[in-house]
Amino acid sequence: MTTPATKKFRPATNLVHGGQLRSQFGETSEALYLTQGFVYPTMETAEARFKGEDKGFIYSRFSNPTVAMFESRMAMIEGAEAARATASGMAAVTASLLGQLKAGDHVLAPKAMFGSCIYVIEELLPRFGVASTLVDGADLDAWSAAMRPNTKVAFLESPTNPQLGIIDIAGVAGIVHKGGARLIVDNVFATPLLQKPFELGADCVVYSTTKHVDGQGRCLGGCILGSEDFIQTYIHNFLRQTGPAMSPFNAWVMLKGLETLPVRLEQQQRNAVRIADFLAEDKHVERVLYPTRGDHPQHALAMRQMSGGGNVVAFDLKGGKQAAFRFGNALSIVKISNNLGDSKSLLTHPATTTHQRIGPDARAASGIGDGMLRLSCGLEDVEDLIEDIAAGFAAMGA
Ligand SMILES: Cc1ncc(COP(=O)(O)O)c(C=O)c1O
């Protein structure tokens with residue numbers, strides 16, 4: 001096997017070639033090493049590998065060549081020293097927290113988060129003696145006031161799912177570091193191309209690679225990125241011993257997904273910008289939320305920390321759940337689904353799906369109304385999408 005190129009190229013080049021380990025057969029595409037284990041030429045080699053003196057592969061729960069290629073490519077594109085792939089985005093979120101925390105610690109996070117992240121922080125961690133406080137993510141004073149001497153980790157996503165709220169990552173990082181804690185940023189909505197949390201002060205970045213990285217709705221996956229020291233100290237052994245490993249097959253799909261990420265995202269974002277403007281003009285729409293629109297409540301911050309608004313648009317329909325359901329049921333190209341980042345346009349009603357379990361109070365606190373819809377814009381012709389959305393409005397009546 002040849003070692004990956006170390007020269008730094010521009011992002012689109014790294015997304016095609018980064019981290020490739022080419023075998024003795026000289027394959028063009030990344031090889032899929034669908035194997036659980038590896039054989040050793042001698043007993044001595046096996047011993048040396050387990051001692052860490054020989055760098056070869058041992059077992060695919062620990063590492064695998066296809067997964068290693070994916071990790072290297074993710075690290076390159078993020079500008080991180082190290083990356084570890086996981087079975088899903090939630091495996092990445094959970095491991096990034098549990099790997100750093102112990103009973104008696106405290107975690108800080110915003111009220112507006114993906115529903116499963118709220119479950120992990122508000123329900124799971126307290127069972128193991130880790131306290132948590134949820135704050136208004138947009139209010140830096142609230143972050144400062146909630147810091148405690150035992151706060152070890154702060155966690156946030158920005159833009160938030162589904163309301164596309166923007167959190168000042170550099171501002172939160174400053175507060176968290178002053179208190180001696182570390183910041184994890186879930187960068188799913190922005191993707192590695194539109195926002196660089198490490199440059200804004202994050203200590204760890206996590207992804208659901210299920211979303212834009214796969215990009216075609218096939219495989220689950222996740223990734224945890226950080227400095228070599230961070231990954232070795234908090235993540236490496238936790239993953240190795242607890243086992244939420246990414247399948248080599250999924251890593252292979254994700255590698256192919258990364259190759260086309262910039263072209264997909266550019267087109268999807270173009271569609272999203274156009275659709276957001278179209279939605280804002282319709283009388284059925286109460287409010288459109290898209291980070292780079294001038295009417296987004298945190299437009300200036302979004303322009304400062306993101307290089308694009310991404311492919312997701314959120315909007316509130318007048319008439320609550322009934323209006324949202326009538327609209328969604330009338331669409332034919334846009335599919336009703338809770339995923340995002342897919343080449344197919346997908347519509348979600350967060351209050352009854354992704355954010356159903358958190359309950360009405362938590363939804364109200366994080367700005368998720370019954371009329372809110374989240375649209376992940378796909379790669380279809382935008383004129384067809386607009387006609388589909390117009391048909392949805394027509395079905396709602398006057
Ligand atoms: C912001 C955010 N974080 C984490 C996840 C979890 O990812 P996965 O479904 O791959 O576990 C999702 C989506 O499901 C998400 O939208």
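Author: The account below takes the ligand site and then the domains. The model is predicted, so local features need pLDDT of at least 70, side-chain atom pairs count only at pLDDT 80 or more, and totals for chains, interfaces and linings use all residues. Residues are numbered from 1 along each chain as its sequence is written, and side-chain values use heavy atoms, with hydrogens and water left out.

Around the ligand there are 13 residues, of which Gly 89, Asp 186, Ser 208, Thr 210 and Lys 211 come nearest (a residue is near if one of its heavy atoms lies within 4 Å of the molecule). This shell holds 4 nonpolar, 6 polar and 3 charged residues; Ala, Val, Leu, Ile, Met, Phe, Trp, Tyr, Cys and Pro count as nonpolar, Asp, Glu, Lys and Arg as charged, and the others, Gly among them, as polar.

Some polar contacts, pairs of N or O atoms within 3.5 Å, can be listed. A side-chain N or O atom of Asp 186 is 2.6 Å from a nitrogen atom of the ligand. On the oxygen side, the side chain of Lys 211 places an N or O atom 2.7 Å from a ligand oxygen atom, and a backbone N or O atom of Met 90 lies 2.8 Å from an oxygen atom of the ligand. Of the 380 Å² of accessible area that the ligand has on its own, the protein covers 89% (Shrake-Rupley method, 1.4 Å probe).

As for the domains, the assignment, automatic or from a database, gives domain 1 (11-257) and domain 2 (262-396). Their centres, taken over C-alpha atoms, are 27 Å apart. In contact, meaning heavy atoms within 4.5 Å, are 40 residues of domain 1 and 38 residues of domain 2.

Methods: Polar contact = N/O pair within 3.5 Å; in protein donor to acceptor, adjacent residues only side chain to side chain.
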